[in-house]
Structure formats: C-alpha cells, structure tokens
Amino acid sequence: MTLWEEIKYKMLNSSSAVNQIVLINLVVFAVVSIFKLSLFFFNLSEAANAAINYLYVPGDFKLLLFRIWTPITYQFMHTGIFHILFNMLMFFFMGTILHDFLGSKKVWITYLGGGIIGALVFLISYSIFPVFAASKSLGFLVGASGSVMAITAAAATLIPEFEVMLFGVFRVKLKWLALGLILIDIAGIPSGNPGGGIAHLGGAFFGMIYILSIQGRVNNPFSKLFN
C-alpha cells in the first residue's frame, strides 16, 4: 500500500471524526507547503501566495461572491507549523472528549458549523465596523481556530464540570478553560489579531448554541437540523 493509499484509507475508514479532521488538516498543510516550496525555487512565491489566498475567507463580501467555497476551505488551512500544531493539539484533546459523548457526526457538525459561523461573524464585522473600513479588502481569515473554539465551547457546555489536566499539572474544569480562552480572544481583539479573535468568538457561540439546541434547552429555527 502506497503512502497516499494508506492516508486515503485512514481518512475514509476511520470511525473517528477527530482522526479524520486532524489527518485532513495535516495533508492539506503538507500539500500547500510543497506547492509553496516548489514555486519558491522559481522565484514565484508571490504567485503561490496569491493562489493560496483563494482558499482563505476574504474580508470583503464582494470578494466572497467569487470565492464562495472559502468558509469551508479556510478551516483546513494554516500559515505555519506552530499555527497548525497548536490548533490540532487543542482540537485533538477537546474533540476526543466531545466525540466520546456525542459521536463523530456531531463533531463534524460542530467543527464545520463553528467555522462557518466564525467566518460569517468575521465578514459582518469587517463590513460594519469603521476600524476595518480601510483594510477589509486586504483582510483574510485562515485557520481552524474558530472551529476548534466551537469544539471547546461545545464540550464545556455539554460537560462543564469535566476536569482536564492543564499543562499536565493543573486540574481545570472545562467551563473555566473555555471561559479563559474566550476572555483571551476578547482581550486580544484590539491589539492582536482582531479578525481572528472575532471569528473565534463566533465559533464559540455556535458550539454553545449547538449543544443547548440538541439538549432542548433553547429553541431556534435549526433545532431539527441539529438533532
């Protein structure tokens, strides 16, 4: 069995959505890295980046009309090794917890739904807030962070008292871990990565509402779809 056949087999036959999503992210990262390296040798790095940008969510709704696939594709794209490493480690631990309680289908729904809502919040923010007016045509959203925040918020909403070992030393309940990450995103919006932080909050909101909906604790037009 070739390497590609083995990867395809694991993607299609693994019963765990967590394994599937991690593997897809890693494969996409490897393919994009090889593509960028290949064009680098021919002094075409700018062309490579321009092509890859078509997989990121643009900050302008007008550009989105010609890139309608990006609210899905950006969730599997990363800009560097530490970017994908942190996201996949966080997703693996939180996703495994959620998978143990709800199964693969709901992990996929949470991941993709959180990413889509995160992208929508990002686009709306870039369209209505004056602080983004000058940069919305240049802004891009990339990475699985919004999807990972959806997974984290979903797990914390489902089993808030569940304890995890933070850094292998501190026992922390999921509700406090999720709240801490949300507060970090809020604090970082004015000074760090505002578009990303806003998308993270959108993903977290989806994760929370999704769990409350399937528990029957809130009603919304998508409750039947969630169930």
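The second largest pocket in this predicted model is lined by Phe86, Asn87, Met90, Ser145, Val148, Met149, Leu181, Ile184, Asp185 and His200. By class, the lining splits into 6 nonpolar, 3 polar and 1 charged residues. As for volume, the pocket comes out at about 210 Å³.

On the α8 side, the contact is made by Ser145, Gly146, Met149, Ala150, Ala153, Ala154, Thr157 and Leu158. Facing them from α10 are Ala199, His200, Gly203, Ala204, Gly207, Met208, Ile211 and Leu212. Sort those residues by class and you get 10 nonpolar, 6 polar and no charged. Ser145, Met149 and His200 turn up in this contact, and Ser145, Met149 and His200 are also among the residues lining the pocket.

Next up is α6 with α7. Their axes come within 8 Å and cross at roughly 135 degrees, which makes α6 oblique to α7. This crossing is right-handed. From α6, the residues involved are Phe91, Gly95, Leu98, His99 and Leu102, while α7 brings in Ser104, Lys106, Val107, Thr110 and Tyr111. The class tally here is 5 nonpolar, 4 polar and 1 charged residues.

Helix α7 (residues 104-128) also has α2 (residues 17-40) as a partner. At a crossing angle of roughly 40 degrees, α2 and α7 are therefore oblique to each other. Ala17, Gln20, Ile21, Ile24 and Asn25 of α2 touch Ser104, Val107, Trp108 and Tyr111 of α7. That contact holds 6 nonpolar, 3 polar and no charged residues. Ser104, Val107 and Tyr111 of α7 meet α2, and Ser104, Val107 and Tyr111 also take part in the contact with α6.

Here are the three pairs side by side:

| Helix pair | Axis separation | Crossing angle |
|---|---|---|
| α2 and α7 | within 8 Å | roughly 40 degrees |
| α6 and α7 | within 8 Å | roughly 135 degrees |

How values were computed
Residues numbered from 1 in each chain as written. Predicted model: local features only at pLDDT ≥ 70, side-chain atom pairs only at ≥ 80, totals over all residues. Heavy atoms only, no water. Axes fitted to C-alpha atoms, helices over the stretch in contact; angles between N-to-C directions. Helix = DSSP H or I, 4+ residues; strand = E, 2+ residues; numbered from the N terminus. Parallel < 35°, antiparallel > 145°, perpendicular 65-115°, else oblique. Contact = heavy atoms within 4.5 Å. Nonpolar A, V, L, I, M, F, W, Y, C, P; charged D, E, K, R; others polar. 1 Å grid on protein atoms, 1.4 Å probe; cavity = no way out; pocket = protein on both sides within 12 Å on 5 of 7 lines; lining within 4 Å. Points joined across faces, edges and corners; volume = space filled by probe spheres on them. Left-handed = near helix turned anticlockwise from the far one by under 90°.
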